[in-house]
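Please open the model in the viewer and keep the selection panel at hand.

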Amino acid sequence: MELYKELNNAQSKEFEQLLNNQLSKTKIEEGKIIDGKINKITEKFVFLFVEGLKSEPVLDINELKSMGLSEKIKGWDKLVEAYEKNEPIMGRIQSKCKGGCIVEHIDTGSLMFLPGSQISDKPLKDISHLMNEPQKFALIKLDKVRGNACVSRREIISSFKKEDKAKIIDKYKVGDIIKNAEVKGYSSFGCFFNVNGELDVLVHLQEISYSRVNHPDEVFNIGEKHDLKVISVDKEKLQVGCSVKQLSPDPFEHIENYELNKIYKVKVVKIMDFGAFCELEPGLSTLLHSSELSWTKKNLSAKKMFKVGDEIECVITEIDKEKRRVAISHRLTKENPFETFEKKYPVETIVQGEVVNKNEYSLFVKIENLEIDAFLHCNDLTYLNNGEEELEKYKKGDKIKVKVLEIKSTEQKVRVGLRQTQADPFNFFKDKKVNQTITVKIISADNKGLIVRPEGCEMDFLIKKSQIAINAADARPSRFTGGERIDCAISDIDINKRKVNLSIKLLEEIEKKEALEKYGAEGSGKNLPFSSLSEDLKKKETKE
C-alpha cells in the first residue's frame with residue numbers, strides 16, 4: 001500500500017500507463033461483435049475471457065445450445081451488408097405467426113419477420129402458394145442491438161409495377177368519367193374500385209353520396225359496377241381519387257324550395273342511437289334527433305318508433321347552408337300536450353291524478369288521460385309531518401287529488417301539490433303579530449328545547465332552550481314533563497315563508513318592562529313574581 005500512496009512517483013505513473021494501454025486495446029460498443037475465449041461453463045452460464053476487459057462477459061448457455069452459432073453471426077453480417085446497400089435478399093416463407101410470417105434467409109438460414117401488410121400489394125385470403133417458395137424480399141428494418149430483421153415482399157412487387165402504374169396514371173385527368181368500375185373492397189374511410197383490371201381507385205366516404213353515409217357497405221356491394229368521376233390525380237403517390245356523388249346534381253342547391261316550420265313527408269334511411277337520418281328527397285339528408293321524437297317521453301329511441309323505409313311527417317326546424325345541415329322535428333307535427341294541459345287545467349286547478357312513479361324524494365302523477373307525468377315533491381304532500389316520511393305512505397296506482405302549482409310548457413314541466421288541497425294550519429298566524437302572547441301546550445322536551453303546539457293550531461313548533469327563561473338557571477327543558485299549558489310570545493313571523501319563532505323569555509321581558517312602567521315604588525315591586533324587579537326599581541329611582 002505504501003508503493004501507491006504517492007501517486008506522483010515514477011512507479012505509480014508507470015503502472016497507470018500500463019493499465020491504460022491494456023484497457024484501450026478493446027473498445028466495447030453496443031451491437032459490436034467481439035472475440036472471446038471460454039473460460040468457465042456452469043449449468044446456466046458460459047463465462048468468457050476477452051483481453052482488455054476488467055470483468056468476464058457472461059452468456060446464457062441456451063445461446064450456445066443451437067448448432068451453427070458461427071454461421072448465424074456470419075449470416076447476420078450478410079444481412080447488415082444487404083441492408084446498408086439496399087439490396088434484395090433471397091428467402092422462403094417458412095411459417096405463419098401472429099401478425100405475419102417467418103421468412104428464412106436462404107443463404108444463411110437466418111430467420112426474419114414478414115408483417116402481414118407486407119406480404120402483397122393486395123389483400124390475400126390464402127398464401128399457401130407462397131409457402132416455402134424461394135423469392136426476393138426487401139430488408140425494411142434491421143435492429144442491430146436485438147438482432148432482429150424485418151422484410152417486405154410487397155416492396156419488391158410494387159417496385160416492378162411502379163413504372164407501369166405511372167404510365168397508367170398518366171392516362172387520367174380531373175373531370176374524366178370512368179365507366180363500369182367494379183367495387184373491389186371498402187374500409188371505414190371509403191370504397192375501393194378496380195378500373196379495367198389495371199388500376200385501383202378510392203372513393204372517399206364523403207364522395208359516395210350527398211346524404212350521410214357511415215360506411216360504404218350501406219351503399220355498395222362487392223362486385224357491383226358504378227360510373228365514377230375523377231376528382232384528383234397524384235402522380236407522385238400514383239393515386240387517383242374519384243367521386244360518385246358528383247355525377248349527379250347537388251340537391252342542396254335548391255334547398256330554397258323548403259321552408260322552416262312547415263310540415264313535410266320524409267323517408268327514414270338510417271336509424272342511430274341518437275336519432276334517425278331521413279331524406280326530404282333522394283340525396284337531401286336531414287337529422288331527426290331523439291329529443292325531437294316526443295313531447296313527453298325522455299331518451300326515446302328511434303328504433304322503437306320507426307324502421308328504415310318508413311315515411312313520416314316532420315317539421316323543418318333549421319336550415320344551415322354553410323354546414324349543409326337540415327334539422328327536423330317529429331313532435332312538432334303534434335299539439336304540445338303541455339299547452340293543452342295549461343288550457344284545460346290552469347294554475348290553482350284541483351284535478352284527479354294517479355301515482356305512476358316514485359323516487360326517493362317525489363311522486364309522479366298522471367293527470368287523467370293526458371300523456372303528462374306531473375311532478376309532486378315530498379314537501380308538498382303535507383303541512384304536518386316530515387315530507388320524506390309522508391312519501392313512504394304512497395305507492396303506484398294510488399288515486400289522489402292535487403292542485404296545479406306551476407306549468408312550464410317550454411321546459412315540459414308541470415308541478416302539483418297535495419297539501420295545497422287542504423286547509424293550511426299556518427293560517428292560525430295570519431291575524432297574529434310580533435310580541436303577541438299565545439297559549440301553547442308542551443308536547444315534549446329535549447336538550448334542544450320544547451316542542452309546543454299553539455291552542456287552536458295543528459302544527460308543532462320549537463321553543464329553543466335559549467328562549468325558555470331570562471335567567472340561564474331557569475332555561476332548563478327538564479323543568480317540564482309535557483302536557484303543561486304555558487304562555488309565550490311571538491318573536492318573529494313571516495306568513496309568506498310560513499315561518500314563526502316563539503319565546504317564553506320574550507314574554508318575561510315584555511311583562512317585566514310593563515311592571516317597571518306601572519310600579520314606581522320599591523315596595524310595590526316586592527310582591528311581583530320577578531326576582532330581579534326590586535333591583536331594577538332601585539336603578540330606576542336612582543336615575544330619577
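**From a loop to a sheet**

Select Val434 to begin: this residue lies in the loop between strand 23 (413–417) and strand 24, strands being DSSP runs of E with at least two residues, and helices runs of H or I with at least four, numbered from the N terminus. The model is predicted, so local features need pLDDT of at least 70 and side-chain atom pairs count only at pLDDT 80 or more, while totals for chains, interfaces and linings use all residues. Residues are numbered from 1 along each chain as its sequence is written, and side-chain values use heavy atoms, with hydrogens and water left out.

Val434 is partly exposed, its relative accessible area being 42% (buried means under 20%, exposed over 50%, partly exposed in between; 1.4 Å probe, protein chains only). Display its surroundings next: leaving aside residues up to four places away in sequence, Val434 touches Ile490, Ser491, Asp492 and Ile493, where contact means heavy atoms within 4.5 Å. Between the C-alpha atoms of Val434 and Ala489, 55 residues apart along the chain, the separation is 7.6 Å.

Now select Asp492, whose bridge partner in strand 28 is Asn501. Strand 27 (residues 485–494) and strand 28 run antiparallel and are joined by 5 bridges; two strands pair if DSSP finds at least two bridges between them.
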